[in-house]
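Here is a short report to read alongside the structure. Take a moment to look it over, then follow along below.

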Amino acid sequence: MNTKLIIALLTTGLAAGAAVAHDIDDGAGGRPLTRAEVIADLEIYVQSGLRDLDMQDGSRFGGPDEAAARARYEALRRAPAFAARVQEIARQRGEAVVIGRTADAQPPR
């Protein structure tokens, strides 16, 4: 590949990644998410069924299956069990336990 093409692809990829990252509300109040929060969020992303939908061919994107999975994700994220799981993971990893609002985050898009 020539150098100009590689630079163009890298620039496009970085710009797209920044746009997606900016669009996601992590619910952390502007602070970076802890590793424990990310791990717990991934667990409920899988548990809600969103991961399975994301792995399909896209035919169910925006349909009732996705709406139901997003509703499950949001309910799991707001549940007290989510904050408890974040704390449990942080303790297991030897990280500082963050006490705060993590319930307002949005699922990956």
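## Where two helices meet

Which residues in helix 2 meet which in helix 4? In this predicted model, D41, I44, Y45, Q47 and S48 of helix 2 are in contact with A69, R72, Y73, L76 and R77 of helix 4. By class, five residues of this contact are nonpolar, two are polar and three are charged.

Two packed helices are described by the angle between their axes and the distance between the axes. Here the axes of helix 2 (residues 35-48) and helix 4 (residues 64-78) cross at roughly 145° and come within 8 Å. The crossing of helix 2 with helix 4 is right-handed.

## A closer look at helix 4

Which residues of helix 4 are buried? They are E66, A69, Y73 and R77. Viewed down the axis of helix 4, these buried residues fall within an arc of 75°, so they line one face of the helix. An α-helix has 3.6 residues a turn, so residues three or four places apart point the same way. P64 and R78, on the other side of helix 4, are exposed. The cover over the buried residues of helix 4 includes helix 2, helix 3 (50-54) and helix 5 (80-93).

## The chain as a whole

Stepping back, the chain holds five helices and zero strands, in the pattern α-α-α-α-α along the sequence. Of its 109 residues, 23% count as buried. Among contacts with a separation of 6 or more, 70% come from residues 24 or more positions apart.

Conventions. Residues are numbered from 1 along each chain as its sequence is written. This is a predicted model: local features need pLDDT of at least 70, side-chain atom pairs count only at pLDDT 80 or more; totals for chains, interfaces and linings use all residues. Side-chain values use heavy atoms; hydrogens and water are left out. Axes are lines fitted to C-alpha atoms, for helices over the stretch in contact, and angles run from 0 to 180 degrees between N-to-C directions. Helices (H or I, at least four residues) and strands (E, at least two) are DSSP runs, numbered from the N terminus. A crossing is left-handed if the near helix is turned anticlockwise from the far one by less than a right angle, and right-handed if clockwise. Contact means heavy atoms within 4.5 Å. Ala, Val, Leu, Ile, Met, Phe, Trp, Tyr, Cys and Pro count as nonpolar, Asp, Glu, Lys and Arg as charged, and the others, Gly among them, as polar. Buried means under 20% relative accessible area, exposed over 50%, partly exposed in between (1.4 Å probe, protein chains only). The arc is that of the directions from the helix axis to the C-beta atoms.
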